[in-house]
Amino acid sequence: MCDKHKTGGRAGEQTDCNYHLGRRRVLEGVAAAGAVSLAGCSNLGTDGDTEEVPSAVTLTTDDACEVCGMIIPNHPGPSTEIFYPGREPSGHENPARFDSTWEAFQYDFERSDRGWERAVMYVTDYSAVDYDIADEGGDLLISTHPEADAFVEASAVTFVVGSEVKGAMGRDLIAFTDGGDAESFADEYGGELLTLDEVTPQVIGRLGRN
């Protein structure tokens, strides 16, 4: 098991919209730096206006998975949140909430076919938490982390897909912002490494049959 989750240290510091520039660079390029800073703090909305990406929320025992209906913090494995502007996922306010990442992708692909557009997908970042893997009845189960600060945008991670390690709904997509963490995890537990854009309905269909 990797040293990372034994120690609980973060694999890397997350960046924010503050740029630490030297005095000379500030004097020479303050206007350009200001423009870059503003762009880094917001996303382009679907109507062409600039709007901030919604923040992840902490999942509680009031939150059930949109697909299977199980109470999310009561079960192991990665959690996922998806925000759909102007929509009510399963009849409630955003975000849509899931106790497994493969179910979240399944839900998102189905909503995309209906014309829904997601603003952001958040997944559990196992590079940023002190996780555990427990052997329960021969199944290797990875811990769940429903706190808001355990989530990261799915576009920023490397997924380990279909490893021996399971979550609430079987084999899943285990996400790491540190590519080295993902490689080490796959070396120990198997699975393939994929980015967000490489996760297709076919990939999710294989996981759903496990």
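Close-up 1. An α-helix has 3.6 residues a turn, so residues three or four places apart point the same way. Helix α3 covers residues 101-113, 13 residues in total, and counts as a helix as a DSSP run of H or I with at least four residues, numbered from the N terminus. From first C-alpha to last, α3 reaches 19 Å, close to the expected 18 Å, where the expectation is 1.5 Å times one less than the number of residues. Just past the end of α3, G115 takes a positive phi of about 95°.

Close-up 2. Residues are numbered from 1 along each chain as its sequence is written, and side-chain values use heavy atoms, with hydrogens and water left out. The pLDDT (the predictor's confidence in each residue, from 0 to 100) averages 82, and 74% of the residues score at least 70. Over residues 1-50 the pLDDT is below 50, and this stretch has 47 contacts (heavy atoms within 4.5 Å) beyond near neighbours in sequence. Where pLDDT is low, the predicted coordinates should not be read in detail.

**Close-up 3. The open sheet.** Four strands (DSSP runs of E, at least two residues) line up as β4-β3-β5-β8 with antiparallel pairing; a pair needs at least two DSSP bridges. β4 (96-98) and β8 sit at the edges with a single partner strand each, so one side of each has no neighbour in the sheet.

**Close-up 4. Strand β5 and its partners.** Five of the five residues of β5 (residues 120-124) are buried, so the rest of the structure largely encloses this strand. V120, Y122 and T124 cover one side, M121 and V123 the other. Four bridges tie β5 to the antiparallel β3 (residues 80-83), with I82 partnering M121. Three bridges link β5 to β8 (residues 151-153), also antiparallel, and here V123 stands opposite V152.

Terms used
This is a predicted model: local features need pLDDT of at least 70, side-chain atom pairs count only at pLDDT 80 or more; totals for chains, interfaces and linings use all residues. Buried means under 20% relative accessible area, exposed over 50%, partly exposed in between (1.4 Å probe, protein chains only).
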